Structures are given as structure tokens and as C-alpha cells.
Amino acid sequence: VSTQSTGVVSTQSTGNLSNMSIVDGSGFDIDDINKIRVLDNETSSKTLQLREECKEFVDKIDDFQHIVNGFIELMESLSSEVEREKLKAIGARNLLKSMAKQRESQQQQLIGLIHEKRTQLERYRIQLQSLEKAESEQQEFIDQFILQK
């Protein structure tokens, strides 16, 4: 007598019906090819069917796991790309703020320069008026001096 993992016990068949009567009361079955089975044919076939379904389920779970791992890798890659773009955007925003501050500073310098130049222009106008007045007085003095001669 030999046993297999499928629950089949192999015996040599003598073609004797007395062997079947021994098996009948013990809870064992004899299949179509005269092998003694612990499980009846229906239970055995359902067990095999369940084993196949479980194998298919495990294969599907493995496929799903591969898909999920691929998805996770893709999301991590996209996350890294988003983070890089975010840092670029922050850098660009900081650069724009810096440029705006530089422009504002330059504008203040130019306003100060304009104010300084206007003050200088006003001083030059006053100086011009003073020089014109002096020229006029000198011209008048010359004219009187020439007339007195």
C-alpha cells in the first residue's frame, strides 16, 4: 500500500468484491481505477478545484502586487519630479522678489538722483540770475564809463 499527497492510497486490485466490503465501513472510497481514496470523488474534485482557484487567486494577487509596485514607483518618480519643479518655482519666485526689490531700490536711487539734479539746477538758475545781474551791472557801469569819457 502506498500513499500520495492527493489522499490516494494505491493498492493492487484482486478484482475481489470482498476488498470493497472491507473499505465500505472504514470511510474510504475506491475510485474508478480501483485506488483507495480518503475523500470521496466529489470532495476530492472540489478540493482540486479549490486548489486551482487558490492558485489563480495567488497568481492574480502577485500580478496585482506587481501592478501596485509599478504604480508606487511611478508615483515616487512623479513625486520627485513635482518636488524638483516645486523647488524651481520657489527659486523663480525668490528671484522675482529679489529683482522687484532691486528695481525698487534702483527706483529710489533714481528718485534721489532726480531730486539732487533738480536742486543743482535750481542752484545753477540762481547762479545764472546772479551772473546775469552782475553782467548787467557791469555792462551798465561800462556804458556809464564810456559815456563819461
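**Entry: the model**

I note that this is a predicted model, in which local features need pLDDT of at least 70, side-chain atom pairs count only at pLDDT 80 or more, and totals for chains, interfaces and linings use all residues. Residues are numbered from 1 along each chain as its sequence is written, and side-chain values use heavy atoms, with hydrogens and water left out.

**Entry: confidence**

I looked up pLDDT, the predictor's confidence in each residue, from 0 to 100. The protein chain averages 84, and 81% of the residues score at least 70. Strand β1 (residues 2–3) has the lowest confidence, at a mean of 42, while helix α2 (residues 41–148) has the highest, at 95. Over residues 1–22, pLDDT stays under 50. Where pLDDT is low, the predicted coordinates should not be read in detail.

**Entry: helices and strands**

I found 2 helices and 4 strands in the protein chain; helices (H or I, at least four residues) and strands (E, at least two) are DSSP runs, numbered from the N terminus. Along the sequence the pattern is β-β-α-β-β-α.

**Entry: Ser44**

Is Ser44 buried or exposed? I found that Ser44, which lies in helix α2, is buried, with a relative accessible area of 12%. Beyond its neighbours within four places in sequence, Ser44 is in contact (heavy atoms within 4.5 Å) with Arg37 and Leu39.

**Entry: salt bridges**

I looked for salt bridges, each a side-chain nitrogen of Lys or Arg within 4 Å of a carboxyl oxygen of Asp or Glu. The count comes to 5, and I recorded the following among them.

- Asp59 pairs with Lys55, with the closest N and O atoms 3.4 Å apart; both lie in helix α2, 4 residues apart, about one turn of the helix. Asp59 is partly exposed at 34%, and Lys55 is partly exposed at 48%.
- Glu81 meets Arg84 at 2.4 Å, N to O. These two residues are separated by about one helical turn because they are 3 residues apart in helix α2.
- Arg125 pairs with Glu122, with the closest N and O atoms 3.4 Å apart. Arg125 counts as partly exposed at 44% relative accessibility, and Glu122 is partly exposed at 38%.

**Entry: Met75**

I located Met75 in helix α2. Met75 is partly exposed, with a relative accessible area of 34%.

Terms used:
Buried means under 20% relative accessible area, exposed over 50%, partly exposed in between (1.4 Å probe, protein chains only).
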